Amino acid sequence: MPAPAPAAVFLSYASQDAAAAQRVCDALRAAGVEVWFDLSELRGGDAWDKKIRTQIRDCALFLPLISANTQSRLEGYFRLEWKLAEDRSHLMAKGKPFLVPVVVDDTSERDAHVPDAFLAVQWTRLPLRPAQGEPPAETMAAFCTQVQRLLGRDGRDASPRRPSESNLNPGRLGETSLPANSTRRAPSAAKWSLAAIAALAIAGYFFFNRSLPVTAPAPSPPKGPSTAEKPTAPAANDKSLAVLPFENLSPDPENALFTEGMHTEIISNLQLLSDLKVVSRGRALAFKGSTAPTAEIARQLAVAHVITGSVRREKDRVRITLELRRASDDALLWSLPRRDYELKDALALQSDIAEQVARVLQAREIKGGAAAVARFMTKDPRAYDLFVKVRKLFDDGTGKWAEAAAQCEAILELDPDFMLAATHLSFCRSLLATSPGTPLAERLRQATEAKHWAEAAARMVPGGAGDGALVTYYLLVERDGLRALAFAENQVRAMPNAAESHYQVARALQNLGRGIEAVAEYQRAVELDPSAAIYERNFCSALAVVRRVEDSRQAAARAVTKGLAGNTDIIATARFVATGELPASTEGLSGRNLVSWLWRGRRWAEAQAAIDAELHNEQSNDVQRWSLLCARTDVCARLGQLAEAAAAVRDALATAERLQRVEEVGPTEKPGWLAAALVRAGRGDEAIAAAKRAVAAAPAESHVALRWEREIVLAKIYAHAKRPRECVELLAKLLRVPSGLTVPMLKVDPTWDTVRDDPAFKALLADPKNSAPL
């Protein structure tokens, strides 16, 4: 991006406020103000950092957007931007306009976590948060006029006036700051500490298995659809759009997948238009087969325009019909010429469609034009047909990652520049590299391949839209949340209205322990795509971890009502975390999931049978066998089968020692494996030392959730070694943060039986603050 003009405005914002920033940018640009905002070509790294520093050095005005999101984030790249702007302001003459803070919700100026220089100037309030809807047109117009005045556009004195001299309405734009020489009230230690410790990780489950981290709740739980998308009729010139499901007119029923693929990819391409709001595929699918008038559908989706169409494929010939209409009067704004296309030409149309819609709606075109979108999808019919089948494997959640990876490789043989195929291949490799079912010796190869294809996907579509695989790689494989967040924020900048973008940011934030921010992003993902099961389920788990019991129940109920429960074990686990409630039935469960629930339910004989069945599975690797042998040790001890327990622990220790010699992927797990076996062998001191080494190996800053997870393991080691004082001290620490460990779990899980009668443990469970929402 070229350097801004001398009169350019730099817009600084937290990634969670991208939508609000976009509206400010649009209004200013419509008023003829040059705005530095479009970060679609920037990416994390030295080049990105250098470019941002240059822009802040050269801009005429610096507009920081302040909100509940910036309040909750005590770290973030936007804070570096704020510091750079503050430093530059100290070099300016008194009265020179430069800092123009803009508050987009009801954040208090008095308690705002902002540089002191921000408090010495007049603040502007624009109600741009979802719960507040759009600000009045006159408010936004007054704001733009004020910015133009500060830029000296109207020839009047551009120096900032004293608050009492402001000609802006104090009830809207003219709320004033504290005087420059007044003492700013420092944020209370409690507020700083809450923001610092609000993080997440689901509890370590039975037998010290690695578990998936989840998030903390938003300040208020979601209640139905987001108010940002209330069913109100948008303005006719609003850049908002829904692509309704295409009618499949193909004689061969198998071509329904092809039609669905065309629908999905056209939406994906349109979402690359950063200033065009495009309804997610999931929300659009809710209107499949609907006979409601276009205007009514648009009203419910809160969009100004609708695309409808049909697809008929017969062998290598495709007929596509598309129409873009304005919802307010059903006016036809654009249509695709009705004719038959060769299959390869029909696939190439997907990028052309996005370009044409952008011109009609006067949206900024995709960076790199059709060439960039062409790399997003493929023009090869064979590659396309294979890809829609791969995507179905992902949508079905079958876990057939090796099969999906093989198909992706075949696709990339046909089209080496097919970004989505490279992304999905990297996803598969990352999942295989971290799966308990993958032998350790094989994990390193999978990890290397995952990184290769993630980097390839990012190169194919630069600017952030191709960075999703890098997020997954750094989260799952290298467990580096900081790098993952940088790439996730790139993705959100490139596609701010894509649910997947916000989901990726949420995943990165939750692993960094920034739970409140993460849950807001999960909530945004759910709002953008209510039909995606994984978003709703993760949100349910997040609420459970922070002890918002009723909210978690409601999220689970929504998932079930919408048919999104899918993997019911996730919902059951969330319920257990929140309430200690066990599932009414274990029907349909198998493997280690079944063993875990039988253990929690104290069904020792059934657990032993399930463990033995798994141990006889020839597909089990050493990591799985270690976990099962530790489990068998515990269950046999409960059944009084001491000789069998001793045999199991000997095998567990031998397996753990063998695992010490195998190369790993990511932060080492070897000490944890050894600790679990040692403590069962009666070697408590050695086990505790090994468990502490595992905790120390977890990156304290780049993956807070992993560190909490391993501290839960250490607490279990203390309990098994009958060291109640150390156990309770560590549990007290873990209950003060959203670690995933809760009082209901401690009351039910047999793991804690050895310390259950300790007075300090009882006091821990009885303390109301340990059960209160975090």
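Helix α18 crosses α20 in a left-handed sense, meaning that the near helix is turned anticlockwise from the far one by less than a right angle. Helices here are DSSP runs of H or I with at least four residues, and strands are runs of E with at least two, numbered from the N terminus. This is a predicted model, in which local features need pLDDT of at least 70 and side-chain atom pairs count only at pLDDT 80 or more, while totals for chains, interfaces and linings use all residues. Residues are numbered from 1 along each chain as its sequence is written, and side-chain values use heavy atoms, with hydrogens and water left out.

The axes of α18 (residues 499–511) and α20 (residues 533–545) come within 11 Å and cross at roughly 35 degrees; axes are lines fitted to C-alpha atoms over the stretch in contact, and angles run from 0 to 180 degrees between N-to-C directions. On the α18 side, Ala 499, Glu 500 and Tyr 503 meet Ile 534, Tyr 535 and Asn 538 of α20, with contact taken as heavy atoms within 4.5 Å.

Strand β9 (residues 305–314) is largely enclosed by the rest of the structure, because seven of its ten residues are buried, that is, under 20% relative accessible area with a 1.4 Å probe, protein chains only. Strands pair if DSSP finds at least two bridges between them. Strand β6 (residues 240–243) runs parallel to β9 over three bridges, and Val 243 lies opposite Ile 307. Strand β10 (residues 317–326) is antiparallel to β9, joined by ten bridges, with His 305 opposite Arg 326.

Definitions and conventions. Buried < 20%, exposed > 50% of the residue type's maximum accessible area, 1.4 Å probe, protein only.
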